[in-house]
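Here is a short briefing to read with the sequence and the 3D view side by side. Take your time and find each residue as it comes up.

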Amino acid sequence: MKIRLDRTVCDGFGLCGKHAPGYFSLDDWGYACLTGDGTVPDEDHDKVMRALLDCPVHAITEIGEPKPSIPHPALHDEDDPASHVKTEHNEAEWGFIR
């Protein structure tokens with residue numbers, strides 16, 4: 001896991017420093033600074049994810065390889081609900097006016 005901290009978004013809540021002090025430090029005004037290059041080993045994954053999820057302004061993001069998306073099943077013409085709509089016959093029924 002690799003993380004990035006956007007200091008321009010940080011509002012200084014300090015939750016990241018509380019949850020993962022080995023990866024985040026706070027400056028004199030309470031704003032977060034990333035310690036190191038953002039690489040997180042597996043044993044610290046949970047602490048850093050808690051810091052990421054608890055950040056109220058979403059200043060911490062996880063970066064890396066995109067996860068593969070789940071392919072949607074292909075729709076056939078008979079499965080498409082729009083193929084059965086008869087607009088000319090049901091316009092008055094639904095209150096549409098041209």
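A residue is called buried when its relative accessible area is under 20%, exposed when that area is over 50%, and partly exposed in between (1.4 Å probe, protein chains only). The model here is predicted, so local features need pLDDT of at least 70 and side-chain atom pairs count only at pLDDT 80 or more, while totals for chains, interfaces and linings use all residues. Residues are numbered from 1 along each chain as its sequence is written, and side-chain values use heavy atoms, with hydrogens and water left out.

**The overall plan**

- The chain has three helices and four strands; helices (H or I, at least four residues) and strands (E, at least two) are DSSP runs, numbered from the N terminus.
- Starting at the N terminus, the order of these elements is β-α-β-β-α-β-α.
- The chain has 98 residues, and 24% of them count as buried.
- Its accessible surface comes to about 7800 Å², with 56% of that belonging to carbon and sulfur atoms; such areas come from the Shrake-Rupley method with a 1.4 Å probe, and for residues only the protein chains shown count as cover.
- A contact means heavy atoms within 4.5 Å. Among contacts between residues at least 6 apart in sequence, 59% join residues at least 24 apart.

**The nonpolar core**

- A nonpolar core is a set of buried Ala, Val, Leu, Ile, Met, Phe, Trp, Tyr and Cys residues joined through side-chain atoms within 4.5 Å.
- The largest one here has 16 residues, and Phe-24 and Ile-60 have the most contacts inside it.
- β1 (2-5) and α2 (45-54) each supply at least two residues of this core, and the largest share, four residues, comes from α2.
- Which residues does Ile-60 touch, not counting those up to four places away in sequence? The list is Ile-3, Arg-4, Leu-5, Cys-16, Phe-24, Ala-51, Leu-52 and Cys-55.

- The buried residues of α2 are Val-48, Met-49, Ala-51 and Leu-52.
- Looking down the axis of α2, these buried residues fall within an arc of 160°, so they line one face of the helix. The arc is that of the directions from the helix axis to the C-beta atoms.

- Ile-3 and Leu-5 make up the covered face of β1, and Lys-2 and Arg-4 its uncovered one.
- In a regular strand the side chains alternate between the two faces of the sheet.
- β1 pairs with β4 in the antiparallel sense over four bridges; two strands pair if DSSP finds at least two bridges between them.
- Ile-3 has Glu-62 as its bridge partner in β4.

**The cysteines**

- How many disulfides are there, if a disulfide is a pair of cysteine sulfur atoms within 2.5 Å? The count is zero.
- Cys-10 is in no disulfide, and the nearest cysteine sulfur, that of Cys-16, is 6.1 Å away. Cys-10 is buried, with a relative accessible area of 11%.
- The sulfur of Cys-55 is 6.5 Å from the closest cysteine sulfur, in Cys-16, which is too far for a bond. Cys-55 is buried too, at 12% relative accessible area.

**Residues to find in the loops**

- Asp-44 is found in the loop between β3 (32-34) and α2. Is Asp-44 buried or exposed? At 16% relative accessibility, Asp-44 counts as buried.
- His-58 lies in the loop between α2 and β4 and counts as exposed, at 59% relative accessibility. Its phi is near 55°, a positive value in a residue other than glycine.
- Gly-12 sits in the loop between β1 and α1 and is partly exposed, with a relative accessible area of 27%. Leaving aside neighbours within four places in sequence, Gly-12 is in contact with Gly-30 and Tyr-31.
- Asp-27 has its place in the loop between β2 and β3. Beyond its neighbours within four places in sequence, Asp-27 is in contact with Arg-7 and Cys-33.

Methods:
Disulfide = S-S within 2.5 Å.
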